[in-house]
Amino acid sequence: MSIQHPSFGRIDSDRIIFFDTTLRDGEQSPGFSMNLDEKLRMAQALADLGVDVIEAGFPVASEGDFESVRQIAESIRGPVICGLARASVKDIEAAGRAVEKAERRRIHQFISTSDLHMKYKLRMEREQVLELIAMGTQTARRFTDDVEWSAEDGSRTDPDFLCRCVEVAIRNGATTINIPDTVGYATPEDMRRIFAMVRERVPGADQVILSTHNHNDLGLAVANTLAAVEGGARQIECTINGIGERAGNAALEETVMALRTRADAYPYRNGIETTRLLSVSRLLANITSFDVQPNKAIVGRNAFAHESGIHQDGMLKNAQTYEIMTPESVGWSKSSLVLGKHSGRAAFRDKLATLGYADLDDVTINQAFQRFKDLADSKKIVFDADVVALVDDETRDHERVRFVALDLMAGSTRRAEATLTLNVDGNETTATREGNGPVDAAFNAVHALFPHEATLALYSVGAITEGSDAQARTTVRLEEAGKLVDGQGADADTVVSAVRAYVHALNKLIAKRTRREPEALSA
Ligand code: KIV
Ligand code: ZN
């Protein structure tokens, strides 16, 4: 069985479309906002990963959102570029203009269909919603033949009404029908049944792509996604690291590896290059300063670590005793011990590639290499985790303020004093300040060099590896006018690590000041 699709041409029923919404559903969640450059980097990484559709944003939400969708549409080649729009002409026109230059473009139309949402959020009757579905899909078709329609709160929608809505959307030109579990309430069996019902009852459902979009409020997002596929969904909406509204969306890396590892149960094809999963995950964590938890499936630091003696013994005899997929298949390298102080640039570059940093530019590699050399001079063994922390630190967007140097005088018999040099807007300046301990003194010096109103909301330090010569990884959270940003830094010197994290957070705050947050996504 196959269908004809405006963007994909003839598409067989065993092909799963990966629709990534990291830059829309993910980006709109608190703390995950990205600037234009960061979104472009993420979009390129998603294209390299092989996703079929990138939902690049919600163009009507702000000028910044419009511009980032427009630039992604203009510069990213490969995936279909999609813009989200409510059922309003203004939204649809903004989305249509934003994706105009894409190689292949999609408008994603949505409106709530559950009784609860229609009554309290939309304050509309069913007939009005049906009219808006017809209007929205028809209007979107004026801009592109590839139109997706979504039933917001679809999993809690009355089944008969849901079928009527889907029928109206298809009749008026939708080519993908998405039925989201917007609030993460459904069970896998609910999802399987809903898709099977739509396929069976709605005329034309066999000529469109059915899509699933699951939130993770009960931790069921990936399970619900797989169940929807069993019911007939062939497009999966998901995000890198599972970011998204509230508890997030189905994680792309988990979903694709479940499909691949259990191909016996899910005999479908997709276009994802799984060896890139780790590097895309790291890029996102790095851009947003939100690390994934250590035990996160696929991309967490412990996902392939075997600690207990029994497990290690089994692994040595046959890796399949405790590994259901190979670490290499998702981008992890084999060894955990890396380079020493005699390692050269080529070995360093090679190591970066095996750690999932294949696409760094030469300037970043050179700067990271210099820092690696400094670290290797002071530390006996440099582990993979050290290199990752160092490169993450170097690739962060230190736009206006950059750390240059720090000297400290501290101890139990004197008041701490920090002499700090920062590069602010291209000019190096130095200040010396005292404080209640070296970190306080260093942060006071940051204040002196770059005055600001933000307050310190969180300061936490951890060791990246073991031993007293381990690098420290610091997180600094700043708050200004209700806005929170997290910055991260790493260095063998704990105070330098703290200042790097502070500077990273400051840069994010500066970027945030000039950006309006997207409006709530309500129709
Ligand atoms: O969760 C949801 O319902 C959404 C829609 C806009 C698709 O994100
Ligand atoms: Zn969503």
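What follows is a chat about a predicted model.

Biologist: Before anything else, what kind of model is this?

Modeller: This is a predicted model.

Biologist: Okay. Which domains does the chain have?

Modeller: The domain assignment gives domain 1 (16-288), domain 2 (302-331), domain 3 (333-395) and domain 4 (401-513).

Biologist: How many Å separate the centres of domain 1 and domain 4?

Modeller: Taken over C-alpha atoms, those centres are 40 Å apart.

Biologist: Let's go to strand β3. Which way do its residues point?

Modeller: β3 covers residues 17-20. Ile 17 and Phe 19 point one way, while Phe 18 and Asp 20 point the other way.

Biologist: And are they buried or exposed?

Modeller: All of them are buried, on both sides of the strand.

Biologist: What does β3 pair with?

Modeller: β3 pairs with strand β10 (residues 235-238) in the parallel sense, over 4 bridges. It also runs parallel to strand β4 (residues 53-57), and 2 bridges join those two.

Biologist: Changing topic: what about helix α15, what is its span?

Modeller: α15 has 12 residues (384-395), and at 1.5 Å a residue they should span 16 Å.

Biologist: Why would you call α15 largely enclosed?

Modeller: Because 11 of its 12 residues are buried, the helix is largely enclosed by the rest of the structure.

Biologist: Salt bridges next. How many are there?

Modeller: The structure holds 34 salt bridges.

Biologist: Which residue does Arg 246 bridge to?

Modeller: Arg 246 forms a salt bridge with Asp 217, and their closest N and O atoms are 2.7 Å apart. Arg 246 lies in the loop between β10 and α10 (252-261), and Asp 217 lies in the loop between β9 (209-214) and α9 (221-231), so the pair ties together parts that are 29 residues apart in sequence.

Biologist: How accessible are those two?

Modeller: Arg 246 counts as partly exposed, with 48% relative accessibility. Asp 217 is also partly exposed, at 31%.

Biologist: What about Asp 153, which residue is its partner?

Modeller: Asp 153 forms a salt bridge with Arg 156, with 2.9 Å between the closest N and O atoms. Asp 153 is buried, at 0% relative accessible area, whereas Arg 156 is partly exposed at 33%.

Biologist: And Arg 500, what does its side chain meet?

Modeller: The side chain of Arg 500 meets that of Asp 491 in a salt bridge, 3.7 Å from N to O. Arg 500 is buried, with a relative accessible area of 13%. Asp 491 counts as buried too, at 16%.

Biologist: Which residues are linked in a network of salt bridges?

Modeller: Asp 12, Asp 14 and Arg 269 are linked in such a network.

Biologist: Last one: which residues make the nonpolar surface patch?

Modeller: Leu 456, Tyr 459 and Val 461 make a nonpolar patch of about 240 Å². Leu 456 sits in strand β16 (residues 455-463) and is partly exposed, at 41% relative accessibility.

Notes:
Residues numbered from 1 in each chain as written. Chains lettered and ligands numbered in written order. Predicted model: local features only at pLDDT ≥ 70, side-chain atom pairs only at ≥ 80, totals over all residues. Heavy atoms only, no water. Patch = residues over 30% accessible without salt bridge, like charges linked within 9 Å, V, L, I, M, F, W, Y side chains within 5 Å. Areas by Shrake-Rupley, 256 points an atom, 1.4 Å probe, with all protein chains shown as cover. Salt bridge = Lys/Arg side-chain N within 4 Å of Asp/Glu carboxyl O. Buried < 20%, exposed > 50% of the residue type's maximum accessible area, 1.4 Å probe, protein only. Expected span 1.5 Å × (residues − 1). Pairing = 2+ DSSP bridges. Domains from an automatic or database assignment.
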